Amino acid sequence: MLNIILSGAPGSGKGTQSGFIVEQYGVQHLSTGDVLRAEIKSGSELGKKIDAIISKGNLVPDDMMYGVIENYIAHLPKDCKGTIFDGYPRTVAQAESLTELLRKYNMDAIMIDLMVDEQLLIQRLIDRGKISGRADDNLNTIRHRIAVYHNQTEPITEYYLHEGTYFAVNGNHSMEDVFKQVKRIIDRELVARSK
Ligand code: AMP
């Protein structure tokens with residue numbers, strides 16, 4: 001069992017790398033962004049509240065997110081090979097609660113941080129916006145989301161460094177080259193865990 005927290009700024013390639021990891025290792029993929037977008041699509045009252053937050057590029061409050069993660073972990077299939085947490089945690093409080101929750105189920109996780117230069121992030125998100133139709137993929141919101149990332153999410157780096165489970169990847173390269181780095185980290189970790 002290997003749980004992977006895939007972190008990085010918006011546009012760092014979390015979704016793309018998650019797809020590669022799922023294909024290679026048969027783990028499950030939990031994208032909190034996808035879960036929230038599904039709630040918006042359902043048209044529920046909660047979805048309307050979430051939509052107002054996401055379209056401005058802000059983070060959904062921690063207490064709304066805890067339920068999503070708790071519900072996911074409580075319903076994991078017994079034969080689960082692990083999960084990629086894509087876009088979670090995004091605050092230190094979320095990181096602390098995830099550690100506690102995983103511990104409750106005798107699990108842990110490593111954190112892989114996709115590091116990408118700001119100019120490239122912006123370019124990728126603008127390009128994605130042309131096809132994604134996502135309300136938050138426009139220049140003003142992109143800039144705000146990157147600022148939110150620096151202020152609220154980046155501090156989790158320190159948290160996982162302290163936990164001794166932090167791995168950084170240079171995400172400025174092609175998606176195939178980035179995956180080679182990701183794979184090296186996961187393979188090394190799997191070998192270490194099999195001993
Ligand atoms: P993503 O698809 O990961 O880029 O997420 C899109 C948006 O969903 C983010 O900009 C946030 O508004 C919201 N979101 C996703 N994951 C989280 C989280 N862990 N905590 C708070 N908000 C989140």
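This is a predicted model: local features need pLDDT of at least 70, side-chain atom pairs count only at pLDDT 80 or more; totals for chains, interfaces and linings use all residues.
Strands of a sheet pair through backbone hydrogen bonds, either parallel or antiparallel. Here, five strands form an open sheet with parallel pairing, and their order across the sheet is β2-β3-β1-β4-β5. The edges are taken by β2 (28-31) and β5 (166-170); each has a single partner strand, so one side of each is left without a neighbour in the sheet. On average, and ignoring direction, neighbouring strands of this sheet are turned by 20 degrees against each other.

Strand β1 (residues 4-8) and strand β3 (residues 83-86) run parallel and are joined by three bridges. Within this pairing, isoleucine 4 stands opposite isoleucine 84 in β3.

Helices pack on the sheet as well. Helix α1 (residues 14-25) touches β1, β2, β3 and β4 (110-115), and the direction of α1 makes about 155 degrees with that of β1. Helix α8 (residues 155-163) also packs on the sheet, where its contacts are with β1, β4 and β5. The direction of α8 makes about 140 degrees with that of β4.

Attention now turns to the ligand. There are 15 residues around it, of which Thr32, Arg37, Asn58, Gly87 and Arg90 come nearest. Glutamine 94 takes part through its side chain, with a polar atom 3.0 Å from a nitrogen atom of the ligand. Taken alone, the ligand exposes 480 Å², and the protein buries 96% of that.

Threonine 165 sits in the loop between α8 and β5. Is this residue buried or exposed? With a relative accessibility of 19%, threonine 165 counts as buried, because the cut-off for buried is under 20%. Beyond its neighbours within four places in sequence, threonine 165 is in contact with Ala109, Ile110, Met111 and Tyr160.

Methionine 175 lies in helix α9 (residues 175-194) and is partly exposed, with a relative accessible area of 44%. Although methionine 175 and threonine 16 are 159 residues apart in sequence, their C-alpha atoms are 7.5 Å apart in space. Leaving out residues up to four places away in sequence, methionine 175 touches Thr16, Gln17 and Phe20.

Note on methods: Residues are numbered from 1 along each chain as its sequence is written. Side-chain values use heavy atoms; hydrogens and water are left out. Two strands pair if DSSP finds at least two bridges between them. Helices (H or I, at least four residues) and strands (E, at least two) are DSSP runs, numbered from the N terminus. Axes are lines fitted to C-alpha atoms, for helices over the stretch in contact, and angles run from 0 to 180 degrees between N-to-C directions. Contact means heavy atoms within 4.5 Å. A residue is near a molecule or strand if one of its heavy atoms lies within 4 Å of it. A polar contact is a pair of N or O atoms within 3.5 Å; within protein, one must be able to donate a hydrogen and the other to accept it, and residues adjacent in sequence count only if both atoms are side-chain atoms. Accessible areas come from the Shrake-Rupley method with a 1.4 Å probe; for residues, only the protein chains shown count as cover. Buried means under 20% relative accessible area, exposed over 50%, partly exposed in between (1.4 Å probe, protein chains only).
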